[in-house]
Amino acid sequence: MRLVKFFVVFAFAAFLAVACNTQQTGGPASPETPATPEAPSSPEVQEPPSELEIGKAKYTEYCVKCHKEDGTGGETEIEGRTINADDLTSDKMKAEPDEEYIEYMVKGIPDEGMPSFRDELSDEEMKAVVRYIREELQK
Ligand code: HEC
């Protein structure tokens, strides 16, 4: 009987020793697995948006509500006031130079209800908006 008890205790101790041992050897081995360091070097390569994409996004965000998605504008009621936004696709607008567009965006046309976008749009974004109008709306 005593012998059995001793054997059980011994077996348990042996089991513990093995368990600890495998934990010890198992521990330091795992950081060496080569899969881990490779992970951060392969993030999805995200291309920055093109000028045209920026232009479209900004036009959609800031200009569509008055000038319409297709750029034709027309009468719109904004904050209880009826405004008549220019048709950006007209021959007259096609002939106007880029600087003119930029100037309208920078200064706005307060008397007619077009706000200034000086604080919303950077120089690059304004150029991108003009490019979008030229390439997608005036074609
Ligand atoms: C709140 C309405 C509103 C928004 C938003 C708006 N516009 Fe206008 N826009 C107008 C109105 C109204 C006119 C016409 C002003 C007039 O009668 O002279 C106009 C005129 C213009 C003109 C001048 C056309 C000309 O006669 O030479 C340009 C260019 C223009 N808008 C571009 C833009 C762009 C680009 C955006 C976005 C960044 C924008 N607008 C956002 C209302 C708006």
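The model is a predicted one: local features need pLDDT of at least 70, side-chain atom pairs count only at pLDDT 80 or more, and totals for chains, interfaces and linings use all residues. Residues are numbered from 1 along each chain as its sequence is written.

**The overall fold**

- The protein chain has six helices and two strands; helices (H or I, at least four residues) and strands (E, at least two) are DSSP runs, numbered from the N terminus.
- Of the 139 residues in the protein chain, 15% count as buried. A residue is buried if 20 or more other C-beta atoms lie within 10 Å of its own, exposed if 12 or fewer, and partly exposed in between, with C-beta atoms placed from the backbone.
- Among contacts in the protein chain with a separation of 6 or more, 53% join residues 24 or more positions apart. Two residues are in contact if their C-beta atoms, placed from the backbone, lie within 7 Å.

**The largest nonpolar core**

- The largest nonpolar core has 14 residues, and those with the most contacts inside it are Tyr59, Met105, Met126, Val129, Tyr132 and Ile133.
- The elements giving two or more residues to this core are α3 (51–67) and α6 (123–137), and α6 gives the most, with seven residues.
- A nonpolar core is a set of buried Ala, Val, Leu, Ile, Met, Phe, Trp, Tyr and Cys residues joined through C-beta atoms within 7 Å.
- Val129 is in contact with Gly55, Lys58, Tyr59 and Met105, leaving aside its neighbours within four places in sequence.

**Where α3 meets α6**

- α3 and α6 pack at an angle of about 95 degrees, with their axes 7 Å apart. That makes α3 roughly perpendicular to α6, since angles of 65 to 115 degrees count as roughly perpendicular, those under 35 as roughly parallel, those over 145 as roughly antiparallel and the rest as oblique.
- Axes are lines fitted to C-alpha atoms, for helices over the stretch in contact, and angles run from 0 to 180 degrees between N-to-C directions.
- On the α3 side, the residues that meet α6 include Glu51, Leu52 and Tyr59, and on the α6 side they include Glu125, Val129 and Tyr132.

**Two residues of α6 to look up**

- Glu125 lies in helix α6 and counts as buried, with 20 C-beta neighbours inside 10 Å.
- Leaving aside its neighbours within four places in sequence, Glu125 is in contact with Ile54 and Lys58.
- Glu125 and Tyr59 are 66 residues apart in sequence and 9.4 Å apart in space, C-alpha to C-alpha.
- Leu137 also has its place in helix α6, and Leu137 is buried, with 21 other C-beta atoms within 10 Å.
- Leu137 and Thr89 are 48 residues apart in sequence, and 6.1 Å apart in space, C-alpha to C-alpha.
- Leaving aside its neighbours within four places in sequence, Leu137 is in contact with Asp70, Gly71, Leu88 and Thr89.

**Around the ligand**

- 22 residues surround the ligand, and the closest are Cys63, Cys66, Ala85, Glu112 and Met114. A residue is near a molecule or strand if its C-beta atom, placed from the backbone, lies within 6 Å of it.
- The elements that give two or more residues to this shell are α3, β2 (81–85) and α5 (98–107), and α3 provides the largest share, five residues.
- By class, the shell has 14 nonpolar, three polar and five charged residues. Ala, Val, Leu, Ile, Met, Phe, Trp, Tyr, Cys and Pro count as nonpolar, Asp, Glu, Lys and Arg as charged, and the others, Gly among them, as polar.
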